[in-house]
Amino acid sequence: MKLLTILFAVFMLALVGTYVFQGKPDYLFSGNLGMAVFIIFTGFSHFKFQTGMAMMIPDFVPGKMFWVYCTGILEIAAGIGLMIPSIREITAILLIVFYVLVFIANINSSKKNINIFKADYTGPGMKYLYLERIPMQIILIVWTWYFGIYLN
């Protein structure tokens, strides 16, 4: 849930900034900027914590490092895409699909108690999945839909 702090903080700062500079808060811009910064931040984490991220991927999936780097690049590209009005909606749709698909890795990670930061098996386990990851995934999907599709 610490990552959600980035989302909400950027959103609030952007609302204040657009109010100061435009005379009114720009919810569309602020919501997409918040998600863009969030997803770019998580994209870069794929390169910093690649070993732990690879451990999250189910055993039946080959080329784990390829998928870690690929999804990191996709997340960074999605963050950029959310800020380009002409491709925002398709980016949001694809990002929602991505959030649903990547949740499989989160389930696997929780079952195995994977700690992505240490690349070991000292993670919080299923408690994290139920109390933090599922609520966060719902927030990310709803946020992306609202600001990337509905308000767009």
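Me: Which residues of H1 are buried?

Reply: This is a predicted model. In it, the buried residues of H1 are Leu4, Leu7, Val10, Phe11, Ala14, Leu15 and Thr18.

Me: What puts them on the same side of H1?

Reply: They cover an arc of only 135° around the axis, so they share one side of H1. The general rule: an α-helix has 3.6 residues a turn, so residues three or four places apart point the same way.

Me: What do the buried residues of H1 pack against?

Reply: Two helices: H2 (27-48) and H6 (126-150).

Me: Which exposed residues does the face turned away from the buried side carry?

Reply: Lys2, Thr5, Leu13, Val20 and Phe21. Exposed requires over 50% relative accessible area.

Me: How does the reach of H1 compare with the expected value?

Reply: H1 spans residues 2-22, which is 21 residues. From first C-alpha to last it reaches 30 Å, close to the 30 Å expected at 1.5 Å a residue. Just after H1, glycine 23 takes a positive phi of about 85°.

Me: Why is threonine 71 called buried?

Reply: Its relative accessible area is 17%. The cut-off for buried is under 20%. Threonine 71 therefore counts as buried. This residue is found in helix H4 (residues 64-82).

Me: What makes the pairing of threonine 71 with valine 68 a polar contact?

Reply: A polar atom of the threonine 71 side chain lies 3.1 Å from the backbone oxygen of valine 68. The limit is 3.5 Å, so the distance qualifies.

Me: Which residues does threonine 71 contact, leaving aside neighbours within four places in sequence?

Reply: His46 and Phe98.

Conventions: Residues are numbered from 1 along each chain as its sequence is written. This is a predicted model: local features need pLDDT of at least 70, side-chain atom pairs count only at pLDDT 80 or more; totals for chains, interfaces and linings use all residues. Side-chain values use heavy atoms; hydrogens and water are left out. Helices (H or I, at least four residues) and strands (E, at least two) are DSSP runs, numbered from the N terminus. The expected span of a helix is 1.5 Å times one less than its number of residues. Buried means under 20% relative accessible area, exposed over 50%, partly exposed in between (1.4 Å probe, protein chains only). The arc is that of the directions from the helix axis to the C-beta atoms. Contact means heavy atoms within 4.5 Å. A polar contact is a pair of N or O atoms within 3.5 Å; within protein, one must be able to donate a hydrogen and the other to accept it, and residues adjacent in sequence count only if both atoms are side-chain atoms.
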